[in-house]
Amino acid sequence: MAELKEGDQAPAITSKDQDGNEISLSNYQGKTVVLYFYPKDDTPGCTAEACDFRDNYQGLQAKGIVVLGVSVDDEKSHQKFVTKHSLPFTLLADTDQKIVNDYGVWAEKNMYGKKYMGTVRTTFIIDGEGKILHVIKKVDTKNATQQVLDLINN
């Protein structure tokens with residue numbers, strides 16, 4: 001699949017959230033959506049990113065921004081992550097890797113010389129009509145919200 005870029009239509013999403021509810025991107029038509037992909041629940045970088053969105057969630061909501069996190073973890077893993085860190089937003093379970101593939105963020109990674117397939121941490125900002133406004137490839141996990149706001153406010 002070709003790499004998604006600004007101006008592209010965001011691929012449709014339908015998946016289960018941490019509570020087993022079916023969620024679709026189309027549910028948020030008319031709202032700006034921060035769709036962030038992260039490798040794994042409850043790992044240091046992913047926790048820092050999720051907690052940064054949590055700590056700034058009210059400010060994002062006040063601007064009409066919806067936050068959706070996506071990883072290939074299952075609903076049960078997401079539920080534990082949400083509960084442990086009091087996350088106020090939705091996490092989508094992508095256990096069949098359809099969403100990560102549709103968004104082009106499932107790729108070969110290399111850690112300590114070992115190659116494996118995994119989710120590349122990426123954030124997409126999607127407008128109310130489903131168009132991709134921005135793609136953040138170099139996510140600063142401790143300042144993820146600020147990266148989003150800097151792009152939206154410009």
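The legends below describe close-up views of a predicted model.

Local features are given where pLDDT is at least 70, side-chain atom pairs count only at pLDDT 80 or more, and totals for chains, interfaces and linings use all residues. Residues are numbered from 1 along each chain as its sequence is written, and side-chain values use heavy atoms, with hydrogens and water left out.

**View 1. The aromatic pair Phe37 and Phe124.** The structure holds nine aromatic pairs. Rings of Phe, Tyr and Trp (its six-membered ring) pair if their centres lie within 6.5 Å; planes under 30 degrees apart count as stacked, over 60 as edge-to-face and the rest as tilted. The ring centres of Phe37 and Phe124 are 5.8 Å apart and the planes stand at 85°, so this pair is edge-to-face. Helices (H or I, at least four residues) and strands (E, at least two) are DSSP runs, numbered from the N terminus. Both Phe37 and Phe124 are buried. Buried means under 20% relative accessible area, exposed over 50%, and partly exposed in between (1.4 Å probe, protein chains only).

**View 2. The aromatic pair Tyr38 and Phe81 and the cluster around them.** The centres of these two rings lie 6.1 Å apart with the planes at 40°, so the pair is tilted. Tyr38 sits in the loop between strand 3 and helix 1 (44-55), and Phe81 in helix 3 (residues 75-85), so parts 43 residues apart in sequence are tied together. Tyr38, at 0% relative accessibility, counts as buried, and so does Phe81, at 2%. Tyr38 and Phe81 also belong to one aromatic cluster, whose other members are Tyr36, Phe53, Tyr57 and Phe89.

**View 3. Salt bridges, including the pair Asp73 and Lys40.** A search of the whole structure finds seven salt bridges; the term means a side-chain nitrogen of Lys or Arg within 4 Å of a carboxyl oxygen of Asp or Glu. Between Asp73 and Lys40 the closest N and O atoms are 3.4 Å apart. This pair links distant parts of the chain, 33 residues apart: Asp73 is in the loop between strand 4 (65-71) and helix 3, Lys40 in the loop between strand 3 and helix 1. Asp73 is buried, with a relative accessible area of 9%, whereas Lys40 is partly exposed at 44%. Another of the salt bridges joins Asp55 and Arg54, with the closest N and O atoms 2.8 Å apart. Here Asp55 is exposed, with a relative accessible area of 55%, and Arg54 is partly exposed, at 27%. Lys5 and Asp8 also form a salt bridge, in which the closest N and O atoms are 3.5 Å apart; Lys5 is exposed, at 52%.

**View 4. Asp127, a buried residue without a salt bridge.** Asp127 lies in the loop between strand 8 and strand 9 (132-136). The nearest side chain of opposite charge is that of Lys131, 6.9 Å away; Lys and Arg count as positive and Asp and Glu as negative, while His and the chain ends are not counted. A polar atom of the Asp127 side chain is 2.9 Å from the backbone nitrogen of Glu129. Glu129 is located in the loop between strand 8 and strand 9 and, at 62% relative accessibility, counts as exposed. The C-alpha atoms of Glu129 and Leu149, 20 residues apart along the chain, are separated by 19 Å.

**View 5. A nonpolar surface patch of Met111, Tyr112 and Tyr116.** Together these three residues have about 400 Å² of accessible area; such areas come from the Shrake-Rupley method with a 1.4 Å probe, and for residues only the protein chains shown count as cover. Patches are made of residues with over 30% relative accessible area and no salt bridge, with like charges joined within 9 Å and nonpolar side chains (Val, Leu, Ile, Met, Phe, Trp, Tyr) within 5 Å. Met111 lies in strand 6 (residues 106-111) and is partly exposed, at 43%. Tyr112 is in the loop between strand 6 and strand 7 (114-119) and is exposed, with a relative accessible area of 81%.

**View 6. Positive phi at Ser86 and Tyr112.** Most residues other than glycine have a negative phi. Ser86, not a glycine, has a positive phi of about 50°. Ser86 is found in the loop between helix 3 and strand 5 (90-93) and counts as exposed, at 53% relative accessibility. For Tyr112, phi is also positive, near 55°.

Methods: Polar contact = N/O pair within 3.5 Å; in protein donor to acceptor, adjacent residues only side chain to side chain.
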